[in-house]
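Thanks for coming. Please have a look at it first.

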Amino acid sequence: PVLRRTVAKVTTLQQAAKVGGLAISDMVNRLRLEAGLGDLQQIEELNAAEASVSGYVPASPIVSTLDVRPIIDAGDQPRDAVLQMAQELGDDECMELISPFPPVPLIDALRKRGFKTTMLPISDGVVRTYVER
């Protein structure tokens with residue numbers, strides 16, 4: 001309980017995964033499974049099938065890109081920045097989201113708000129997610 005009230009408030013997922021000797025995607029997947037949410041591998045496979053990953057190009061032009069890695073590295077949550085940037089999208093516009101692991105909670109939040117999202121599998125240590133109106 002003491003650790004949850006202290007260390008957990010300032011520790012990033014990347015730091016916790018490193019301490020636990022896990023890849024961040026494995027840790028996020030374990031947390032999702034414990035919370036009763038979908039398995040990341042199944043979500044990645046579904047997105048890969050939808051995107052025909054070899055050369056996915058969004059149907060709408062990419063008008064903005066947000067790399068959330070610096071936000072996460074600083075110990076902050078990118079949720080508000082992502083949702084705000086998505087809200088600024090016009091009809092038939094797309095934003096590119098770059099993250100160090102699958103941003104599944106963000107994808108869930110965006111889809112609930114009516115956005116179409118396509119997450120590509122991890123490549124070169126990053127995940128690219130496309131958000132369209």
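At what angle do the axes of helix H7 and helix H8 cross? They cross at roughly 35 degrees and come within 11 Å, with H7 covering residues 79-87 and H8 residues 104-112. Axes here are lines fitted to C-alpha atoms, for helices over the stretch in contact, and angles run from 0 to 180 degrees between N-to-C directions.

Before going on, a word on the source. This is a predicted model, where local features need pLDDT of at least 70 and side-chain atom pairs count only at pLDDT 80 or more, while totals for chains, interfaces and linings use all residues. Residues are numbered from 1 along each chain as its sequence is written, and side-chain values use heavy atoms, with hydrogens and water left out.

Back to the helix pair. On the H7 side, Arg-79, Val-82, Leu-83 and Ala-86 meet Leu-106, Ala-109 and Leu-110 of H8; contact means heavy atoms within 4.5 Å. By class, that contact has six nonpolar residues, no polar ones and one charged. Here Ala, Val, Leu, Ile, Met, Phe, Trp, Tyr, Cys and Pro count as nonpolar, Asp, Glu, Lys and Arg as charged, and the others, Gly among them, as polar.

Now the whole chain. The protein has eight helices and four strands, in the sequence pattern α-α-α-α-α-β-α-α-β-α-β-β. Helices (H or I, at least four residues) and strands (E, at least two) are DSSP runs, numbered from the N terminus.

Next, the sheet. The four strands form an open sheet in the order E1-E2-E4-E3, with mixed pairing; two strands pair if DSSP finds at least two bridges between them. Strands E1 (62-67) and E3 (116-119) stand at the edges with a single partner strand each, so one side of each has no neighbour in the sheet. From one strand to the next, the twist averages 20 degrees. E1 and E2 (residues 94-99) run parallel and are joined by five bridges. Leu-66 stands opposite Leu-97 in E2.

How do the two helices lie on this sheet? H7 lies across E1, E2 and E4 (127-132), at about 175 degrees to E1. H8 lies across E2, E3 and E4, at about 155 degrees to E3.

Last, burial. Of the 133 residues, 38% count as buried, meaning under 20% relative accessible area with a 1.4 Å probe, protein chains only. In helix H4 (residues 24-34), the buried residues include Ile-24, Met-27 and Val-28. Just after H4, Gly-36 takes a positive phi of about 80 degrees.

How values were computed: Buried means under 20% relative accessible area, exposed over 50%, partly exposed in between (1.4 Å probe, protein chains only).
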